[in-house]
Amino acid sequence: MESSLLAEVIKTLAGIHQIQHQALLELRVELEQWFQVLFQAQAEDRQVLRSFVHQEGSSATTPGPPMAVPIVLTKMGMQDNLEAFIELFERTAEVWKCQAPSGQSVYCRCCLGKPSSWLNFLWPTSWSLSLWGTTECSLLGKGHKLWLQPLNRTNLQFGTFPNGFLWGVGTSAFPTEGSWDADGKGESVWDHFTHHSQTDGIRMDTADTASDSYIQWEEDVKSVQYLGVKFYAFSLSWPRLFPDGNATAKPNEAGVRHYRRLIGKLKELHVEPVVTLFHWDLPQVLQERFGGWLNQNMVGIFADYATFCFKTFGGEVRYWLTMHNPFLLAIQGYGTGAYAPGVTGDRADPFIAAHNLIRAHAKVWHIYDKHFRHHQHGKISITFGSHWVKPAHGQATPANVELCQKSMEAVIGWFAEPIHGSGDYPASLKVSNRGVIPEFTPEERVWVRGTADFFSLAFGSETLRVVRGLARFGQNVTLDLRSVLVWIQQAYRDPQVLVAESGWFSDASVGVEDTVAIYLIKTFIIQVLQAVSIDSVNVFGYTAWSLVDGFEWNQGYSKRRGLFYIDFSRPQCHRLPKTTAHFYRQVVKDNGFPTDNASIEGRFPCDFHFGVADSILQVHLRPFSPQFTDPHLYRWNYSGDGALKPIAGIMLHTRGAQCTDFLFIQRHLFLLGVTGSTHYRFVLDWTQLMPNGDLTSINSENLRFYRCVLSEVRRRGIQPVVTLYNPSYRSPSLGIPEHLHANGGWRNYSTVEAFVKYATFCYREFGALVPVWITINEPNRLTEAYSGTAEDRRTVARHLLTAHAKAWRVYDKQFRQQQGATVSFALHADWVEPANPFLESHKVAAQHFLFYELGRFLDPLLSSGDSRINEGSGSSRTSPIGFSDDERAELKGAMDFIALNHFTTRLVVPQQPPSPRNPNPSKPPNQDHNCFLMPDPTWLSSHLGQAVVPRGLRRMLGWVKNRYGHGSPIIITASGVDDQASYDDQLRQSYIRDYLQEALKARELDSINLQGFYIWKLQDHHDLQFGLFSSVAHHSRPKASVYLYRDIITHRGFPSTADIRPFPCQLTDNRTSCQLCMQITENKPLLFFSVCVSISVCMLSVLIIITVMMRRRRRRTPMYVKPQRLGAEQRFPMKRVAYRTGHLCQ
């Protein structure tokens, strides 16, 4: 091969010059000839090379990378050693194919599902770009499809990890050991850095004592034992073992003895040690003598240190990690200077340090693989730090996707791609840092690639904090461990993964009650569970970080990450388990989050309310049908102007007004009928029935509208449930007549009196049609609408309860005997749980909140008339509402059933009292109950942030039963969730199915007298939210949840598969029976037109058929011709003619 051609090939491999397709074909021929001339090898060896050049089966026109072969041989020093080349080829050249856009079978590094070691360094990415220029083979690396096809959203909140899953906890040497100069330990770069650094004139915290783990290592082991984990990850202190960093010299025996004791104790307790050789605490001597990791001599020095560790401790260690998160060391230690050794200035320094770190790791891996693996049987890897990014503004545009991939490649890919991928740096990193990033030789690429027995991942706060400032490229950094794990799976051929660091931080003032940290840890573990269970990522272990509070690098002691709390103001450094330790211990014990929430089979009884609940049913007098009500007679186009004009002086007889005139009612109730509901709950508009709030201002037309609604509902076989008053928070008057609101609203007792008169009027006018009454909807929420003093809110609560009781008494005395309905009021009844189940204060807060929400309204009616709460400590507290003896007597028993509106579950956090660490704790928005509400981020939630927690319904019902006994009937008068889907509302379908399952369990398993369940609500008003049907603007289309709910109603619940017939007691006579009916209603105009056309066509066809038949009949009927009288000259003898004719015929 000519030198000029060889130079051209080298330029191509460097990405400087692009070779066209025809030139590539010519090079294939010349390369084969060059091989034959250059290597005088045996025929079979030449055949191996020839088969690689021709790519074994690819067509003659298929482009490929053979030109790289001689260059590789030259650079590797193998041009005279064919055997070494063939050995290398046989080890690494497993060839996998992918399809180019043209349909040709080609070899493309970035498309390969399983790229070989050989191809990954023989085929530069620039070839793919120059030949095809497609997205598949662009600078976008493997794994970029994750942003184009995001992971399926899952509601997986429970589940267990595979058997044998490894649970662990970790620490590192410098932040925890202390004893910085004890027992012969040398100074580390971090010792030097902290002793000589200042910020704004204030000396930096030091780790001279830290967690005192060098002295109290046995306490650490006890803490590990308390958690019940299977492994303990820790790092060795290089300067404690070799004060001057020279591992060829005599080690510090005190340091060796310390780690031997630690490892031996762990093995005795059957806890596996996972040992990191280097976690950033480089001996200061090496930094001063060589410049630290900027010097390539560090590769050999580190290899000597690792070899000593393998020899000394390797017999007891099965898992080795060479380094922890080299990204942070390279960027922060040799770039920004925020970490030790604090080097800044040259842009190339972080890349040089990273290059040497990678080479040092690779050399150590090869040493272990060659000299120790066969008899120690361990595994070795390196821990990479990572983050996750989502496209900016949620838009996965090509530009955003490329930037997301670039961000990942600039952090985890920087180190993982050479070791787990191609053997070289990511193409995007090389392009962005051309001229400053070192290059691996072809030999080094092969040597570095594959030097990890598993993938070790660190996902912590430090990496994310650095990335937000340096490498997010305008995208959104998020805490999504699941996506990182899937990205690793896709980018690096599904390796085994150890999560070697996972956790978050708390402020130092939090102490042992680190409630928020519980949910961050839970979030990460749930994300790992989802990656394992749903995405099949091969994760085999999880490390909670860290075991104890310690020195958090450049944040000192202001942040805490430990599962065990240490008061650094006290010299003893006692380990106190935080609530996160209790939580993690439970997770380890359960191997995840097991649940016994299995579905049951069963049916609800015939009298169970399957309902739909609505808010205020506004009066719709239009559209209105004038048919049969207009007395005029009209004539059209009399004057030729096409107008329809009445004829003067003529009046016709008309019928009286009927309910069918209100077209809104018919359309609205038709939708209701499609659901198959047995009950319909709606609210009367007090302001439209009585604008002035008294009987002198009755609106008769609105009164007739509501009467028509009730009669039409009953005519369809549906039972109405009528609510008299629902606070309207969009109305300035909160849904009461304006003049009552102007006089103070529910603060004023006159509103109570007006409400009783209004209720009496409604009983009288509508009572014959109403079997169930709700006086007031959610009075416990209405009190919060009054922003005055606490005394004002107590007054409002007292007046609301009094108004209900008086209205109930009126019905009970005057109407019950004739009408027989039941009366109650409906409370908002979301379930609450202690945010921190390991703290008694949180448990008490949850009970207090439930009392505030439910007990203070239900106790006066269902208990002794007093409203008290048992806070779990034996004490009780009287309700702040306060009633007189007469009021207690009136309230007692004034409720026929318990009506509850339940939507979700929330977590309760009590207000913290002042303490030395936190003298001014934050105050909750509602000072009446003194609790904060927070969500569990692992719960499935809707677009509006409503958590979907089905078990909360059953637990809330159980609380009511335990407090008020078995006999009280309970109806869930509203329950639902918002869903943005226009048809396939999967979230709402899941909600209805799961919440009704919990309702059935409450009846069947807990013996709770649950008598009904109402879905909120029938139809959206504007946006797609809670409605079973879309809004009128969206053509009132039914969503998929309509048919699910109807099916459940049809079967009265969840029957067994062997008995899925409809329940016999269901009444279907007057119901809309099928989806076809809904489709007919939606397309009435088209249907009418189609019927008219069809009738016309049929009539025309019949007319044509009749006409044709008549014509045919006329043709076939013989015509009768009257004989003509012939003249004398026309007569002739007939017989003769006949004879002659006969003769002729003969």
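1. Basis of the note. The model is predicted, so that local features need pLDDT of at least 70 and side-chain atom pairs count only at pLDDT 80 or more, while totals for chains, interfaces and linings use all residues. Residues are numbered from 1 along each chain as its sequence is written, and side-chain values use heavy atoms, with hydrogens and water left out.

2. Overall content. The protein chain holds 41 helices and 37 strands; helices (H or I, at least four residues) and strands (E, at least two) are DSSP runs, numbered from the N terminus. Of its 1146 residues, 55% count as buried, where buried means under 20% relative accessible area, exposed over 50%, and partly exposed in between (1.4 Å probe, protein chains only). Among contacts in the protein chain with a separation of 6 or more, 77% come from residues 24 or more positions apart; contact means heavy atoms within 4.5 Å.

3. The barrel that includes E12. Eight strands form a closed barrel in the order E4-E7-E8-E9-E10-E12-E14-E16, with parallel pairing. Its twist averages 25° from one strand to the next. Two strands pair if DSSP finds at least two bridges between them. Strands E7 (residues 231–235) and E8 (residues 272–278) are parallel and share five bridges, and Phe 231 has Glu 272 of E8 as its bridge partner.

4. E12 (residues 455–459) is mostly covered, as five of its five residues are buried. In a regular strand the side chains alternate between the two faces of the sheet. Phe 455, Leu 457 and Phe 459 point one way from E12, Ser 456 and Ala 458 point the other way, and all are buried. On one pairing, three bridges connect E12 in parallel to strand E10 (residues 379–385), with Ala 458 of E12 as the bridge partner of Gly 385. On another, five bridges connect E12 in parallel to strand E14 (residues 497–502), where Ala 458 stands opposite Glu 501.

5. Five bridges pair strand E25 (residues 679–683) in the parallel sense with strand E26 (residues 719–725); His 679 has Gln 719 of E26 as its bridge partner.

6. Helices H16 and H17. The axes of H16 (residues 326–336) and H17 (residues 349–371) come within 8 Å and cross at roughly 145°; axes are lines fitted to C-alpha atoms, for helices over the stretch in contact, and angles run from 0 to 180 degrees between N-to-C directions. H16 contributes Pro 326, Leu 329, Ala 330, Ile 331, Tyr 334 and Gly 335 to the contact, and H17 contributes Asp 349, Pro 350, Ala 353, Ala 354 and Leu 357. The loop between H16 and H17 contains Pro 341, and the peptide bond from Ala 340 to Pro 341 is cis, with omega near 10°.

7. H36 (residues 951–964) has 14 residues and reaches 20 Å from its first C-alpha to its last, close to the 20 Å expected at 1.5 Å a residue; the expected span is 1.5 Å times one less than the number of residues. Ten of the 14 residues of H36 are buried, so H36 is largely enclosed by the rest of the structure. Its buried residues include Leu 953, Met 956, Trp 959 and Tyr 964. Just after H36, Gly 965 takes a positive phi of about 90°. H37 (residues 986–1004) is likewise largely enclosed by the rest of the structure, because 14 of its 19 residues are buried.

8. Phe 473, in the loop between helix H22 (461–470) and strand E13 (476–477), has phi near 55°, a positive value in a residue other than glycine. At 31% relative accessibility, Phe 473 counts as partly exposed. Ser 536 has a positive phi near 60° and is also a residue other than glycine; Ser 536 is found in the loop between helix H24 (515–533) and strand E16 (539–545).
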